[in-house]
Amino acid sequence: MSTSTTTSPLLARHGAVEADGVDAGVAAHYGDPAREQRLLAEGLAAVDLSHRGVVTVSGPDRLSWLHSMTTQHLLGLGARQSRESLVLSPKGHVEHALHVVDDGSTTWITVEPGTAPALLAWLESMRFMLRVEVADVSAEFAVLGEPVGTESAEGEPLAWVDPWPALVGDTVAYGPSEGHPAEGRAWRELIVPRSELEAALGDRPLAGTWALEALRVAAWRPRLGFETDHRTIPHEVDWLRTAVHLHKGCYRGQETIARVHNLGRPPRRIVFLHLDGSGHVLPDAGSPVVLGEREVGRLTSVGRHHEDGPVALAVIKRTVPEDAELLVGPVSAAQTVVVTG
């Protein structure tokens, strides 16, 4: 995945330490990541996500066009309503994760850092004769994340509301439908002009990406480019629950969605891991997950949770016993089943 080339003005804040990798351009933390995480969990802080890409689709055919090509039901989306949808390859592998919100005349899509140009190119290639216009407006608009679970009101910046972990539309959960650790979770992304980023933040404290990622891991929430690779199908990471409508008609990759749902089981499954925190250094994302002497998967995301300590997500082979104690390097990892075998 490409990385963002945009550097946020909020990196000038006191104590800001820039994130690396795909999250470069915004702060990993502002000097006290544990406190930032607690403030975020309490609903008091906001997160600079201005490195995310922002793409607009305008024109009278915009929603029917996006509906026909992606995994979620988008017809009839009202002003300020939002959805999560995926772009799949012809074989059903996840290529893009779209955070979609409409303002009544334009559909706004925010995507992972660095992925907007590829999404724009694909959308342009699919326009044909339809009345749609697409644009990458990442240079003009920024994203600010906040722990709020409601649609934006009139006069507020447009907001994409994260549906996780609810079941959206005609779909199915591959993980628990009750007792999910993210029940009650509130999160949304404000889309604001870059020149108004500071004003949208106001006097709220900032939390960095380290805090946000730890809470995401604890919520079992998949992220494109972290829990996904070139082979990932949505079933493996429980992404059908929020992003896939099972009976909306044909779209690219739909055959794989239907076949695995109706006839089989995904070849891999996401798991939540409690890591042994006795050492000072945590394993890196991408590290092999081992059972005995056999590699059975990869660590995908790692964080230090303010209550649970070192936690991680991993994607492993479906055949790994659900009670197996796993190792990541020298670190033992106790798995909690997310997607059942």
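Let's start at strand 13 (residues 268-275), which runs antiparallel to strand 18 (residues 331-337) and is joined to it by 5 bridges. Helices (H or I, at least four residues) and strands (E, at least two) are DSSP runs here, numbered from the N terminus, and two strands pair if DSSP finds at least two bridges between them. This is a predicted model, so local features need pLDDT of at least 70 and side-chain atom pairs count only at pLDDT 80 or more, while totals for chains, interfaces and linings use all residues. Residues are numbered from 1 along each chain as its sequence is written, and side-chain values use heavy atoms, with hydrogens and water left out.

Within that strand pair, L273 has Q335 of strand 18 as its bridge partner. Strand 18 also pairs with strand 17 (residues 325-328), again in the antiparallel sense, over 4 bridges. There, E325 stands opposite A334. Strands 17 and 18 make a hairpin with 2 residues between them, and G329 in the turn has a positive phi of about 60°.

In general, strands of a sheet pair through backbone hydrogen bonds, either parallel or antiparallel. Strand 10 pairs with strand 11 in the antiparallel sense over 4 bridges, and A159 stands opposite L190 of strand 11. Moving along, strand 11 (residues 188-193) is joined to strand 9 by 6 bridges, also antiparallel; here F141 has P193 as its bridge partner.

What about the faces of strand 10? In a regular strand the side chains alternate between the two faces of the sheet. Both faces of strand 10 are covered, with L158 and W160 buried on one side and A159 and V161 buried on the other. Buried means under 20% relative accessible area, exposed means over 50%, and partly exposed is in between (1.4 Å probe, protein chains only).

Rings of Phe, Tyr and Trp (its six-membered ring) pair if their centres lie within 6.5 Å; planes under 30 degrees apart count as stacked, over 60 as edge-to-face and the rest as tilted. The W108 and F141 rings have centres 4.8 Å apart and planes at 75°, so this pair is edge-to-face. W108 sits in strand 7 and F141 in strand 9 (residues 141-146), so the pair ties together parts 33 residues apart in sequence. W108 counts as buried at 13% relative accessibility, whereas F141, at 22%, is partly exposed. The other pair, W220 and F272, has ring centres 6.2 Å apart and planes at 40°, so it is tilted. W220 lies in the loop between helix 5 (209-218) and helix 6 (240-243), 52 residues from F272, which takes us back to strand 13. Both W220 and F272 are buried.

Two arginines have a charged end over a ring: R216 over F226, 5.6 Å from the ring centre, and R241 over W164, also 5.6 Å from the centre. The rule here is that NZ of Lys or CZ of Arg is within 6 Å of the ring centre and within 35 degrees of the ring normal.

On a 1 Å grid over the protein atoms alone, a cavity is a set of points where a 1.4 Å probe fits but cannot get out, and a pocket is an open set with protein on both sides within 12 Å along at least five of seven lines; lining residues have an atom within 4 Å of a point. Grid points are joined across faces, edges and corners, and a volume is the space filled by probe spheres set on the points.

The largest pocket has a volume of about 810 Å³. Of its 28 lining residues, D20, W210, E213, F226 and V302 are the closest to its centre.
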